[in-house]
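Please look over this model with me. My notes follow as numbered points.

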Amino acid sequence: MTQNDPRIPNLQDTATPFSRQLCGIYKRSYAHVTIRDRMPVILTKIVDTLCQNKSKIIATYGPDAEEDIKEIIGFISQLKNEIVTNKALKPLRLNTKVFNDAEEWNIYLTDRTFIEGNIPTWFNTRWLYCETYMYRVLAQEIRLTNTMHSYDPFEYQKQNEFITSIDSIELITVYIKDIICNKEYNIENSKNDFLKLLELSLWGNRYDLSATSGSSCSKTGNPLTIVEHLKKNILVNDWEIVWDTVNKKMKENDDIHIVLDNAGYELFTDLCLAAFLVTIAPTTKITFHAKLYPWYVSDTTVRDFQWTLDYMTKLNDYPNIQLLGTMFTNLMDRQVWCIKDESYWTGPYDFRRIIDKGKNIYAEFADAKLVIFKGDLNYRKLLGDVNYPYDTSFATALKTFQPTNILSLRTMKSDICVGLSTNIAKLFIEDHMKLTTGEYGLIEAAMFKN
């Protein structure tokens, strides 16, 4: 049913129809709720952070930063108003002093204008585009300031997320340390340990600051016990076929790539999984892929990654975590692990365009044995942000993106999902917003390479 709203042409009082891309015109969709409510709140909290930390920012970046703070706050206030009133998206500002992918974003805006017949507006264009545009245009404005071009408005929240999770991190540390430091490790246990570490990495993805509009999530209880209780909430669990690959099919110098999601606690669980993988397959190298700009509040940048290792190595009150931090740093120094931050991950394209817009990344993936995609945004990009019928197979939904074996570890925080059984699919057709709560998870694989 079409509703009258002069600000949002073609607003429809429905959920997103199947086979359509997620878009804010569907009033009962998570896209609409996010654009209307969550995105403005995230921007408001950035302003609050700037105001609360004004003195510290000036002490770090110099007295001229006071004027930069005013400019950023003014820009955010205007941007927030443009979102809620459904204004047209604008080209990113360019500057000869800052060379980045802003021009590519502007080309994409031109392309979308041609495709849509009008300049895209916040509610009427693809949700994936307008949501990523918000973070990218904010990053561009910060980069163009006189003094604060390296400022990360989410840094404190990401670091606090790790620090406040330290008790859970300590419990996992003891568990993983007993595996990777044990020269007499019983390889017969490795299959069960692999599943446990996959589950820890999966459910670590629940703690997404963009999903909570920047509010930290409390973590209580032993995570090793909690994941056992959450087994029933994994709607697709392809872990055994992935285990078969990493246990039996890894050849010497085969690579694994991990496309990261959140910093903090989730990143720590990802590092533990990576440490396990290079323990059971010693010639394997792991490449982590991080965001080039501050992204979706809690997404990992290279600076977040390095801060995590540095912080762990300085935790004198937690010798187990300190030891693990030293071991992780050593893996980086020996180039068993490496981290990259290509602009594609913060670009306007979904993953179907990697083959022509990110050829180097696609070639690296094609040479690898396995690529692990973390989190909900990566899942949306894998599916092109299309609301496929829930019983569509994962491999089918990936379309032409088949460089190698693909594994998605995703806590479900948006209203798209594939690979479900017919019975489970019916439950979510009746209440699609259950897909957005973070209550359910996927360990979902598509195997294209022996």
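1. The lining of the largest pocket divides into six nonpolar, seven polar and six charged residues. Ala, Val, Leu, Ile, Met, Phe, Trp, Tyr, Cys and Pro count as nonpolar, Asp, Glu, Lys and Arg as charged, and the others, Gly among them, as polar.

2. A word on the basis. This is a predicted model, with local features needing pLDDT of at least 70 and side-chain atom pairs counting only at pLDDT 80 or more, while totals for chains, interfaces and linings use all residues. Residues are numbered from 1 along each chain as its sequence is written, and side-chain values use heavy atoms, without hydrogens and water.

3. The largest pocket holds about 420 Å³ of space. Its lining has 19 residues, and Asn 53, Lys 56, Tyr 151, Glu 155 and Tyr 156 lie nearest its centre. α1 (30-52), α2 (54-61) and α6 (155-163) are the elements that give two or more residues to this lining. (A pocket is an open set of points on a 1 Å grid over the protein atoms alone, where a 1.4 Å probe fits, with protein on both sides within 12 Å along at least five of seven lines; lining residues have an atom within 4 Å of a point. A volume is the space filled by probe spheres set on the points. Helices, H or I, are DSSP runs of at least four residues, and strands, E, of at least two.)

4. The second largest pocket holds about 290 Å³. Of its 17 lining residues, Cys 23, Ile 25, Glu 116, Asn 124 and Thr 125 lie nearest the centre. By class, six are nonpolar, six polar and five charged.

5. Helices α7 (166-180) and α8 (190-204) pack at about 145°, with axes 12 Å apart. (Axes are lines fitted to C-alpha atoms, for helices over the stretch in contact; angles run from 0 to 180 degrees between N-to-C directions.) Ile 172, Tyr 175, Ile 176 and Ile 179 of α7 meet Asp 193, Lys 196, Leu 197 and Leu 200 of α8. (Contact means heavy atoms within 4.5 Å.) Six of these residues are nonpolar, none polar and two charged.

6. Seven strands form an open sheet with mixed pairing, in the order β1-β7-β6-β5-β2-β3-β4. (Strands pair if DSSP finds at least two bridges between them.) β1 (234-237) and β4 (337-340) are the edges; each has a single partner strand, so one side of each lacks a neighbour in the sheet. The twist averages 15° from one strand to the next.

7. Within the sheet, β2 (255-259) and β5 (370-374) pair in the parallel sense over four bridges. Ile 258 stands opposite Ile 372 in β5. Helix α10 (239-249) packs on the sheet and touches β1, β2, β5, β6 (405-411) and β7 (441-446). The direction of α10 makes about 50° with that of β7.
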